[in-house]
Amino acid sequence: MYKREQLSTEIYFNNLLKTKDITSILDSLTGVILRPYIIGYVNHLIQNHIPCTVAIMDLDNFKAINDNYGHKIGDEVLCGVCNDMISYLGENGFVGRIGGDEFMLINLKDLEYDDKKLFYKNMYANYTVLRKNISLESCDPFITATIGSATYPTDADNYDDLFTLMDKTLYRGKTKGRNCYIIYVEAKHKNLEIRKLTHHGIYQTFYNLSESFDKGTTVQEKLEKMFPVLEEDIRIKNLFYITEDNKVSDLLHTVNGDTVDDIDHLLTNDMFKSNSVEEIMDKSPVFYDFLTRHKLETFMIVKLRMADKKMGYLMCAEPQSHRIWQDDEGAILYFAGKLLAGYILRS
């Protein structure tokens, strides 16, 4: 929680504190600056021609924390992240809460690309702020976030344009799999349009999968026809098919003759998602060896099953070490698996 002496070092907040109690400036839960005043502070910096790097930080899958652990734990997570951010920024900036699990970070020190990159990189490294477990009394949820960042006046000379650039880069980070930071670079991001970055409805994806699936006449052809839809909507680079007798093949033909006979140890349900292969090392060592040999770090796998009959597996796997698989992505792969299972059963 911010203290009066921390805020009063800045002219903007010092002037506010002359007429307002500090409790009316800070978020009552997390102790960071409320939305009107953190945005007001950015406008103050711009009006006074004070360079700053501003970012929107959105916690990944925060709804799942509330759903799985309860809102009390969710509140404790928010407080823990905010305390870490206050400490990490120190005297170089401020953090404010602009939504339920969305925050604005103002950095007065790091204005050049390399400095910004190091600032964000260190946020995610060494259990500083993100990519770490927050130890609470009843659990220790793993916390990640997606960040979109832009700098005044390098990238924009007014608040509205600056916010638009942050919003674009935040969505870009989400489309890359979340759990990452994107720093606005004009040459890369100038022509990004948010409506092109966001998904169309899941119904449309299911429809596209069904239409593509029907164009194939064999398992291999059906996988090849579905792949462009999965590539676009789940943003995958390869698709793996594991037969009933646990032999692995993939659409890029990078796998040749591998067998993973302990894969079923993972799937007590029809789906398993992992953001790090290390968590399966003890339970499925053969499958772990397969993934590490092929330099695959994160994976999402569904069982091909109709009624009680298992017919293999369908898997997305990526070398990206910090991808966060989303629920809608799981639903899409599950639907593709059901289409394939039905076809195999009928064949």
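Here are some questions and answers about the pockets, salt bridges and strands of this predicted model.

User: Before we start, what ground rules apply, and at what pLDDT do side-chain atom pairs count?
Analyst: Residues are numbered from 1 along each chain as its sequence is written, and side-chain values use heavy atoms, with hydrogens and water left out. The model is predicted, totals for chains, interfaces and linings use all residues, local features need pLDDT of at least 70, and side-chain atom pairs count only at pLDDT 80 or more.

User: Which element gives the most residues to the lining of the largest pocket?
Analyst: A pocket here is an open set of points on a 1 Å grid over the protein atoms alone where a 1.4 Å probe fits, with protein on both sides within 12 Å along at least five of seven lines; lining residues have an atom within 4 Å of a point. The largest one holds about 860 Å³ of space, and of its 31 lining residues the closest to the centre are Asn61, Phe142, Thr144, Asn275 and Ile324. Elements are DSSP runs numbered from the N terminus, helices being H or I with at least four residues and strands E with at least two. Strands S6 (142-143) and S11 (271-274) each give two or more residues, but the top contributor, with seven, is H4.

User: And which element has the largest share of the second largest pocket's lining?
Analyst: That pocket has about 220 Å³ of space. Helix H6 (113-124), strand S8 (181-183) and helix H8 (186-189) each supply at least two lining residues. The largest share is three residues, and they come from S8.

User: How far apart in helix H4 are aspartate 67 and lysine 63?
Analyst: These two form a salt bridge with the closest N and O atoms 2.7 Å apart, a salt bridge being a side-chain nitrogen of Lys or Arg within 4 Å of a carboxyl oxygen of Asp or Glu. Both residues are exposed, where exposed means over 50% relative accessible area, buried under 20% and partly exposed in between (1.4 Å probe, protein chains only). They sit about one helical turn from each other, because their spacing in H4 is four residues.

User: Is lysine 132 buried or exposed?
Analyst: Lysine 132 meets aspartate 84 in a salt bridge (2.7 Å, N to O). The pair links distant parts of the chain, with lysine 132 in strand S5 and aspartate 84 in helix H5, 48 residues apart. Aspartate 84 is partly exposed at 22% relative accessible area. Lysine 132 comes out at 13%, so the word for it is buried.

User: Which residues are linked with Asp258 in a network of salt bridges?
Analyst: Aspartate 258 bridges arginine 293, with closest N and O atoms 2.7 Å apart. Aspartate 258 lies in the loop between S10 and S11 and arginine 293 in helix H12, so the pair ties together parts 35 residues apart in sequence. Aspartate 258 is buried at 10%, while arginine 293 is partly exposed at 44%. The network links Asp258 with Asp289 and Arg293.

User: Over how many bridges do S12 and S13 pair?
Analyst: Two strands pair if DSSP finds at least two bridges between them. Seven of the nine residues of S12 (298-306) are buried, so this strand is largely enclosed by the rest of the structure. S12 pairs with S11 in the antiparallel sense over four bridges, with phenylalanine 272 partnering isoleucine 301. S12 also runs antiparallel to S13, and there the number of bridges is eight.

How values were computed:
Grid points are joined across faces, edges and corners, and a volume is the space filled by probe spheres set on the points.
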